[in-house]
Amino acid sequence: MTKYPEWFPFLPLPALPAIYGLDSAGVVSKVGDRVRSDIKVGDRVYVNPGLSCGSCQACRRGDPINCTAYTFQGYFGFGPGSQQLFEDYPYAGFGQYMTAPVANLVKLPDSISFEQAARFGYLGTSYSALRKAQFAAGQTVLIDGGTGTLGLGAVILALALGAARIFATGRNTGLLEKLQALDPKRIVPIALGERPTAEIVMEATGGYGVDILIEALGPNAPVSSVLDSFNALRRGGKAINIGGVADPIPLEPFPLMCLQKSYIGSLWFTTAEGQDMAAMAHAGTLNLGVFEHEKFALDQVNEALDAVEERGGGFTNVVIMH
Ligand SMILES: [Zn+2]
C-alpha cells in the first residue's frame with residue numbers, strides 16, 4: 001500500500017497535525033455574525049468539503065471546483081493555495097465541531113438521515129457526472145463499476161433522473177442481482193469478463209450504443225475494460241470518468257473526432273448539486289433506502305477502515321458516528 005504522505009505529488013496534504021474527516025453531516029451549533037443566510041442554529045446540514053479561494057479567475061467565473069486552490073477540507077487539496085485553505089478551515093469531520101463556509105452547507109430535510117447524508121460525496125460525484133454528460137430523461141447509460149460505491153450512486157441517480165435503460169457492469173454476480181432488483185425493467189446487469197461489454201450493449205441497443213458512459217471502475221481495473229466500455233458509446237456519446245483507473249488509456253484522436261465522442265474528467269460536485277439531491281431524496285425520486293449503514297465510533301476508526309475493505313460493494317455505507 002502507498003504511504004499516504006507519498007500519495008499523488010500533485011495533491012497536497014494538510015500540514016500535520018491535522019484533523020481529517022470527509023462528508024460530515026450534523027447540526028449547526030453556531031452561525032457567524034456576518035452570515036447572511038437562512039441557515040440557523042439547530043439546522044441539520046451536510047457539509048460539502050470542497051473549499052475554494054473565492055478570488056481566482058475560475059472562482060470569479062462562478063466555477064469554484066476549478067479554483068486553482070480547490071481543497072477538500074479534512075482530506076487533500078489540488079493546488080499550491082490549498083495549504084492556506086487547510087489553515088483557514090482546520091477543523092474537519094473527525095473533530096467534535098467543525099467550521100465551514102455557509103455556501104458549503106446542504107440543508108437536510110428530516111427525511112434524510114445523517115448516515116445517508118454521509119454518502120453525499122459519492123452520490124454528488126455521480127450526479128455531477130451525469131449533469132456534465134448533459135443527461136436527459138429517456139436516455140441510456142452504461143455505468144462501468146455499477147455495484148461499487150460510486151457506481152451504485154450513479155445507478156440510483158440515473159433511475160431518479162428518468163433513464164430509459166441502465167447497463168451496469170460488475171464482477172460480483174450476487175451484487176449485480178441485488179442491483180438489478182432495484183428496477184428489473186430498466187437495469188441490465190453485465191458480468192465483467194464473460195463477453196465484451198460493448199458487444200452486449202450494441203446487441204441490446206440495435207447497434208446504436210449508449211448515450212452516456214459513467215466510468216466508475218476502481219484503481220486496479222484493467223485499461224482494456226475502460227476501452228471496452230468506451231466502445232459501447234454511440235456516435236456523439238459522452239464518457240465521464242469519476243473512477244480511479246490511473247494507467248494511460250490509448251484513445252485515438254482521429255476516430256474520436258469522426259465519431260464526436262468525448263472523454264471527460266469530472267471531480268466532485270457543487271453545493272447546489274448537493275441541495276438538488278436532498279430535494280430529490282425528500283421528494284422520493286432518489287432512493288437513499290438502498291444503503292446498509294455500518295456505524296463505528298471515532299475510536300473504532302481503524303475497524304471502520306477494515307469494514308471498507310470487506311464491504312459488500314456500494315450497498316454498504318461505513319459511517320463514523322460521534
Ligand atoms: Zn479560486
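Colleague: Is Lys 107 buried, exposed or partly exposed?

Modeller: The model is a predicted one, in which local features need pLDDT of at least 70, side-chain atom pairs count only at pLDDT 80 or more, and totals for chains, interfaces and linings use all residues. Residues are numbered from 1 along each chain as its sequence is written, and side-chain values use heavy atoms, with hydrogens and water left out. Buried means under 20% relative accessible area, exposed over 50%, and partly exposed in between (1.4 Å probe, protein chains only). Because its relative accessible area is 26%, Lys 107 is partly exposed.

Colleague: With which residue does Lys 107 meet in a salt bridge?

Modeller: Side chains of opposite charge can pair when their charged atoms come close. A salt bridge here is a side-chain nitrogen of Lys or Arg within 4 Å of a carboxyl oxygen of Asp or Glu. At 3.5 Å, N to O, the partner of Lys 107 is Asp 38.

Colleague: How many residues apart in sequence are the parts that Asp 38 and Lys 107 tie together?

Modeller: Helices (H or I, at least four residues) and strands (E, at least two) are DSSP runs, numbered from the N terminus. Asp 38 lies in the loop between β1 (25-27) and β2 (44-47), and Lys 107 in strand β5 (residues 105-107), so the parts that this pair ties together are 69 residues apart.

Colleague: Between Lys 40 and Asp 43, which residue is buried?

Modeller: The two side chains meet in a salt bridge at 3.3 Å, N to O. Lys 40 has a relative accessible area of 48% and is therefore partly exposed. With a value of 9%, the buried residue is Asp 43.

Colleague: How many residues apart in sequence are the parts joined by Glu 115 and Lys 295?

Modeller: The side chains of Glu 115 and Lys 295 form a salt bridge at 2.9 Å, N to O. Glu 115 belongs to helix α3 (residues 114-117) and Lys 295 to strand β12, so the pair ties together parts whose distance in sequence is 180 residues.

Colleague: How many salt bridges does a search of the whole structure find?

Modeller: Among them are the pair Asp 38 and Lys 107 and the pair Glu 115 and Lys 295. The search of the whole structure gives a total of ten.

Colleague: Is Asn 241 buried or exposed?

Modeller: Asn 241 lies in strand β10 (residues 233-241). Its side chain reaches the backbone nitrogen of Gly 243 at 3.1 Å. Since the relative accessible area of Asn 241 is 17%, this residue is buried.

Colleague: What separation do the C-alpha atoms of Glu 203 and Asp 33 have?

Modeller: Glu 203 is placed in helix α7 (residues 197-204). Its relative accessible area is 58%, and Glu 203 is therefore exposed. Along the chain Glu 203 and Asp 33 are 170 residues apart, and their C-alpha atoms are separated by 60 Å.

Colleague: Is Leu 298 buried, exposed or partly exposed?

Modeller: Leu 298 is found in the loop between β12 and α11. Because the relative accessible area of Leu 298 is 32%, this residue is partly exposed.

Notes: Polar contact = N/O pair within 3.5 Å; in protein donor to acceptor, adjacent residues only side chain to side chain.
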